[in-house]
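Please consult the sequence and the structure as you read.

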Amino acid sequence: MTNTRKENARLESHYGLPEEQRRLLAYGAVLALYRVESPRILHLKVPLDQLREGLESAWGIAGREDALNTLEWLLEE
């Protein structure tokens, strides 16, 4: 194993995320790339309230639980 692989393995074991969080993080990275944004730094281009209104009107997401359920559905489909 190379030094880089060893370091990556060490960091992953120390800072690893549960499977569900890794999938959600991957989804967010794909969405950021689709929007031509950095997957590491997500800047808001519109006010937060406007984003909340958009999520509610387009996806029926009115809170955290709705968001988690919708993301889980998207990952399964």
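Arg10 and Glu7 are three residues apart in helix H1 (residues 3–15), which means that about one helical turn separates them. Helices here are DSSP runs of H or I with at least four residues, and strands are runs of E with at least two, numbered from the N terminus. The model is predicted, so local features need pLDDT of at least 70 and side-chain atom pairs count only at pLDDT 80 or more, while totals for chains, interfaces and linings use all residues. Residues are numbered from 1 along each chain as its sequence is written, and side-chain values use heavy atoms, with hydrogens and water left out.

**Salt bridges**

- A salt bridge is a side-chain nitrogen of Lys or Arg within 4 Å of a carboxyl oxygen of Asp or Glu, and by this rule the count is four.
- The side chains of Arg10 and Glu7 form one of these, at 2.8 Å from N to O.
- Arg10 is partly exposed at 44% relative accessible area, and Glu7 is also partly exposed, at 34%; the term covers values between buried (under 20%) and exposed (over 50%), with a 1.4 Å probe and protein chains only.
- In helix H2, Arg22 and Glu19 are three residues apart, about one turn of the helix, and their closest N and O atoms are 2.5 Å apart in a salt bridge.
- Arg22 has a relative accessible area of 40% and Glu19 has 46%.
- Arg52 is bridged to Asp49, with 3.6 Å between the closest N and O atoms; these two residues are three apart in helix H3, about one helical turn.
- Asp49 is partly exposed, at 49% relative accessibility.

**Helix lengths and what follows**

- The expected span of a helix is 1.5 Å times one less than its number of residues.
- Helix H2 (residues 19–34) has 16 residues and reaches 23 Å from its first C-alpha to its last, close to the expected 22 Å.
- After H2 comes Val36, with a positive phi near 55 degrees.
- The twelve residues of H3 should span 16 Å, and this agrees with the 16 Å between its end C-alpha atoms.

**Negative surface patch**

- Glu53, Glu56, Glu65 and Asp66 form a negative surface patch.
- Helix H3 (48–59) and helix H4 (64–76) are the elements that each give two or more residues to this patch, and Glu65 lies in H4.
- Patch residues have over 30% relative accessible area and no salt bridge, with like charges joined within 9 Å.

Notes. Patch = residues over 30% accessible without salt bridge, like charges linked within 9 Å, V, L, I, M, F, W, Y side chains within 5 Å. Areas by Shrake-Rupley, 256 points an atom, 1.4 Å probe, with all protein chains shown as cover. Lys, Arg positive; Asp, Glu negative; His and termini not counted. Charge placed at Lys NZ, Arg CZ, Asp CG, Glu CD.
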